[in-house]
Structure formats: structure tokens, C-alpha cells
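Hello,

Here is the structure you asked about. My notes on it follow below.

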Amino acid sequence: MPLVGYPTIVMGHGGGGKLGNELVENLFVPAFRNVALENLGDAAVLDVTAGKLAMSTDTFVVQPLFFPGGCIGELAVNGTVNDLAVSGAVPQYLSTGFILEEGFPLAQLAAIVESMAAAAAKAGVKIVTGDTKVVERGHGDGCYINTAGIGVLRPGITVGPQFAKPGDAILVSGTIGDHGMAIMSVREGLEFESQIRSDCAALNGLIAEVLAAVGTQVHTMRDPTRGGLASTLNEIAQSSGVGMAIDEASLPVRPEVQSACELLGLDPVYVANEGKVVFFVAPEAAEQVLEVLRAHPLGREAARIGQVTAEYPRMLVARTAMGANRVIPIQIGEQLPRIC
Amino acid sequence: MKYLTEFRNGEIAQRMAREIHQIATRPWKIMEVCGGQTHSIIKNGIDQMLPAGIEMIHGPGCPVCVTPLELIDKALAIAAQPGVIFCSFGDMLRVPGTDADLFQVKGAGGDVRVVYSPLDAVELAAKNPDKQVVFFGVGFETTAPANAMSVHVAKRRGLTNFSLLVSHVLVPPAIEAILGAPGNVVQGFLLAGHVCSVMGYWEYPPLAEKYKIPMVVTGFEPLDLLDGIRRAVVQLEAGRHEVENAYGRIVTFEGNKPAQKLLAEVFEVTDRAWRGIGVIPKSGWRLSEAYREFDAEERFHISGIHTEESPLCHSGDVLRGAIKPAECPAFGKECTPRHPLGATMVSSEGACAAYFNYGRFISAEDLAKAGSGLTVND
């Protein structure tokens, strides 16, 4: 990569001058290559089909930037792709904004950009516009990324957090807590027999197959990222004005994730995921959705975990492994390790 | 996860619960001492599995909860000072002092860090010789050995920029305070398994004898707790009052001797104020004469702290078993985990927080109704 004599980001990379242009021409354009981007206009000009658009944005500040199973780059692409996909849209275009800290190694930036390009290609979306700013050393954490995305809504599909209905089956596309514990185990230097890897993945392909199979019988979808499965279920219970009942024994959790959670005093239901989706579907469609999910590489460990109820609106109730019941509340803040 | 999953087996738990139903002929009130046990009982719903007459009373064994407000204010004042790196276990960060919590101090520019071991704080002191590194050493006998080791290591390494803000409390004097109080209702005790893993249980037979109360060293998993409760009920029904060990895979009678030796060297017994209870004589540890130079309270002279507990808070009554959390008029209204008024709501292991978080303001029957349609088998 012919990136002018600097091994690290300098303030000039964020200015409007030559260094900034070189970054665009030698790094971003070759990696993200598409017609809309290559015009290098002030805005990307896009073809869209008739109908409704969905738009979403998300900002990524993960530390460490590189972690088992992914890096901030693919997280930034997949995160926005997933937000569009769970809204029932077909994700098409992304923008990306970088905030880089002076002194950030260009080799790391290149690796992040490569992973974004690969993630975009895999998800079938184009990165069509972008921006770079550089902040003084000590004023950033290496690299922050914002992405925004546009998707086209599928005709006839109406999903939303307000549409969960009593009787709906609650399905999750795979094991919970993988991303959060992959990050925590790196941060805390935990080592297990098998390394915990982030589940970071674009879910639009998986969701497309489910919608193709059962269409309008899917009422609500959401990717349980920050706050984990428990927060997602609580949010949808609130939005739809329904109750949720789940069976703790049915929750898919990897043994190494469970072990790490035990050590740190965390509950996997609150730990972040980056490649999972929760479906609320009409009960008669539940088995078919499970079959579709399990036939897909990202859904092999999909499970039916509970159902929507009319009782206890706006609350999440779990049947414990002991056969008793408890409420799982929304967390107040970040889940912190307990003291003993 | 060996040693965990086999102690969470739902079928065996049901069987053990049935056995307790068969044994119990009368109502009994049993106190679990440790906050970790309270958390596990409520989270797993162990209390819902017991006969109606067997009542679990949630004891004062949550160190975060019983840490006096005054000490939290001191911690905040020290953490806010320039040139200080203030280290703590994670769950102290959210505990509100009079005006703020450690998160807010951090947000305002204080260097507050979460560590998983006090020895990490010692390492920080070695790496930052121009800073004062303070570790907030809160806890029962369980966390004490690591805290003792931190000052021991700091002394050996000649680190003059490390200190410990200590508020160690001890289980046996707290049990005696509860049993000796007028109107005590507790008839049996589940002793805190992890405290006993350090201290053994040689301190308890005189208490069991003096107050004619059965005591069972108990673990934290559902089957551990059910076994502890079962053994306590068996003793109560038979009129016995012995100290039993139901946590034999971890606890011995003598406990961890090297740890006890270190504790005796680094700490000395002192009177301590317990939030929600008051001062209990000889109920805590402070740094001994030989290690006093590492006492953060000596190093940072913080004065002018005035604290006042909310008159609405009945945490003292909860800690004695006089009322259940939801019977407090402020529960879930003025007092929530987000705005705790007192001891038992401040940490997730406090009885009030556990009741609030796990929905114990709803009756078990009603909760069961919500979950009754579950037909899950995947």
C-alpha cells in the first residue's frame, strides 16, 4: 500500500489537504471500491427502488479494537446492517466516519478498513461515503467509527418493537453472551481451555431466509446487543405492552461463556451479542422458523426460549432451572462484577 | 463447569425440597448470613420451594450494604483528590454517598479504576511512583486475605504510595449481635460458606451452644442451599443445636491457616459501625500497628463529613428479620436500586435490592401464572 512516508496518523490526515486525500485515494477507495464512492463528490448519489427507506446509525468505541472473533471495523459494518435488517429492511448503503487519534498506526487502520470492506462484501452492502477526522494524541482512543445505513423495506412486511402479541413464540438465533465475554476476557486477561470468540456477524442473510419462509408471521425482531437478551426482551415488553415468559434452562449459553460469567459475577442474559437476533413469531410458525434458522450457518444453535403473555404487561418473567419463577429486570447501568 | 452444574440440578432440587416438606412439622425462621446466599435464594426461587412455614431471613452479610455512609463519603473525597489513583471492586462504584458516587467522581476527572484484585492496585502503585494509589478494602473475612496480602506486599516492596481504605467486618460478632438483641426471631443459621473457607468454623460452636441455635456451614448453589436448609430443619425438629458443615468440598473446621496467620499479622480487631445496624463491638478489622502507615484514613486526613440516614429507611428491621423488604413503606417507591435510601438496597446482594430486582413484590402464585403457559423444551 503506497501510503506516503508516515507509519502513523498525523494531524494532517484529517485536514483537507494532500495527506487526507492520499488516505482516501490509497486506502479507503481501493478497499471499499464502488461507483458511488469513486466519484468522490460531496455526497454519494444512489439509485433506490420505490417504496419505503429505513435509516439507522451507530457509533463504535470498543476497546480493545481487535478482539477474538473480530475488530471494530466489521463490528461497525455489521452493527448498522443488523439494525436495518431487524427493521425488516434490505440493507444497501453505508456511510462511515472515522475519528482517529494522532499517532494511531496506519497498519492498524488498514487492517480495520480491510475488515470493513470484507464485512460489507459479505453482507452485500456498499460503503458509499465517508469522513475522517483526527484528534490530538490523548484525546481519543485510537479509533472510533460511526456508520449510518440505508435499507429498502420489503413490501408487505411490517415488523416493529410494538407488534409482539400474547402467544407469540420467542426464538433466539444462537448462543448468548459471546461478544461481551470475548471482550471481557481479553480485558481481564482471562484464559479458558477454548478461547471465547465474538459472534460478530451480519444477520441480513439469515433474516431474509426467515422472512422468505414465514413472512408476516414474524411480528418483531431485534438484535440483542448492549444490555443483552434481557434488555431486548424488556424493551419489547414495554413497547408492545405485553409480558414475556422465558425458561432459563432453554437459553443457549456456551460453557466457556457461562464459566467466564461465573468468574466475573455476570449474568449472560445481560451480556452483549453482535451476531444474534430474537424473533417474536406466531406460535404456529415457530417450528418452521427454527428449522430455517438451524439450516443456516449463523443459526445452528437457535432455540425457542419462551413466549409472549398477556399477564404482567411490560415485565420479563423467567422460570428458573429449579422450577420457580423470577422477574428479570432492566439493568440500571453497566453490569459490574460483584464483590464476593 | 464441574462443581457448578451438578449443584444446579432442578430435579434433585425438587427432591430435596420435597424432603424438607416431609421433615418440617412446624414453622421455623432461618437466617442466611451471606448476601451471596440471599442473591442465590431469590434468583433461583429457593424460597418458593420451601414449606410455607419455613421462612428465610436475609442477614447482614453483604459487605457493600453494611459499609457506613461516612466511609463512602471518605472514599469519594479521597478519590476526587488530584494525584490519587483510587481502586475498587466494581460494585462499590455505584454505591451512592451523600452527594455522589464513584462514577460521578470519575466523570468529574477523578482517577477511579476497577480492579479484580488488590494486588493489581499494588502493581499500579509500583508503576506510578508519583501517584498515591488507594484500594477500597471492603468486605468480610472472605476478601480480607487478599487485602492483607496487598499491604504485606507493599511493605515488603517498600512502596510508600500505596494505602488501603479498610472497612472489614466480621461475621461471628454480627451473629451474636442479632441473637443477643431483644425480640430476636432467628432460630437457625446458614453460615457463610466462603467466610468459613478462610476462617474455618471453630468460632461458631460456642455461639451455637450459648444461644441454643443450630448453625450449618452452607454454600451458594441451589443444592448447597437446600442441603443447608434441610440440615437446619432436621436439627430444629430434633431440638438439637450443633454446628454442621454442608460445604465440605470447600470448608474445613480449621480453615485456611496461612491466611489466618497473615490476617492476624496485618489486622487487629476493632469496633465497627454497620450501616443499618449501628456499632457492633469488636466486629471488624483495621490495620495493625505494624501496618498502620498503609491506612488511607491516616494518610488522607478527611474531615468535615456529616452523614444522615433517611428516616424512611427500615433496613435495620429487614436485617433483623422483623420485616420483609416489600413491607417497608418506602420499598419500590422512594427507595429503588437506582435511588437507594439505605443499606439493603445499595448492592444487588442486599435483601431489598434482590426483592426489587427479582420481582418479589409480586406473589409467587401470580408469577407462576405468567410462566404457566411455557411449553419449552429446546
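**Strands and helices in chain B**

Strand S3 of chain B, residues 84–88, pairs with S4(B) in the parallel sense, over four bridges. In this pairing, Ser88(B) is opposite Val114(B) of S4(B). Please keep in mind that this is a predicted model.

Both strands belong to an open sheet of six strands in chain B, in the order S4-S3-S5-S6-S11-S10, and the pairing in the sheet is mixed. The edges are strand S4 (111–114) and strand S10 (267–274) of chain B; each has a single partner strand, so one side of each has no neighbour in the sheet. From one strand to the next, the twist averages 25 degrees.

A helix lies across part of this sheet. Helix H9 of chain B (residues 171–180) lies across strands S6 (162–169), S10 and S11 (278–287) of chain B. Relative to S11(B), H9(B) runs at about 175 degrees.

Next, a pair of helices. Two packed helices are described by the angle between their axes and the distance between those axes. For helix H8 (residues 144–156) and helix H13 (residues 257–266) of chain B, the angle is about 60 degrees and the axes are 9 Å apart. H8(B) is therefore oblique to H13(B). Their crossing is left-handed.

Which residues make the contact? From H8(B) they are Ala144(B), Pro145(B), Ala148(B), Met149(B), Val151(B) and His152(B); from H13(B) they are Ala259(B), Leu262(B), Leu263(B) and Val266(B). By class, the contact of H8(B) with H13(B) has nine nonpolar residues, one polar residue and no charged ones.

Regards

Methods: Residues numbered from 1 in each chain as written. Chains lettered and ligands numbered in written order. Predicted model: local features only at pLDDT ≥ 70, side-chain atom pairs only at ≥ 80, totals over all residues. Pairing = 2+ DSSP bridges. Helix = DSSP H or I, 4+ residues; strand = E, 2+ residues; numbered from the N terminus. Axes fitted to C-alpha atoms, helices over the stretch in contact; angles between N-to-C directions. Contact = placed C-beta atoms within 7 Å. Parallel < 35°, antiparallel > 145°, perpendicular 65-115°, else oblique. Left-handed = near helix turned anticlockwise from the far one by under 90°. Nonpolar A, V, L, I, M, F, W, Y, C, P; charged D, E, K, R; others polar.
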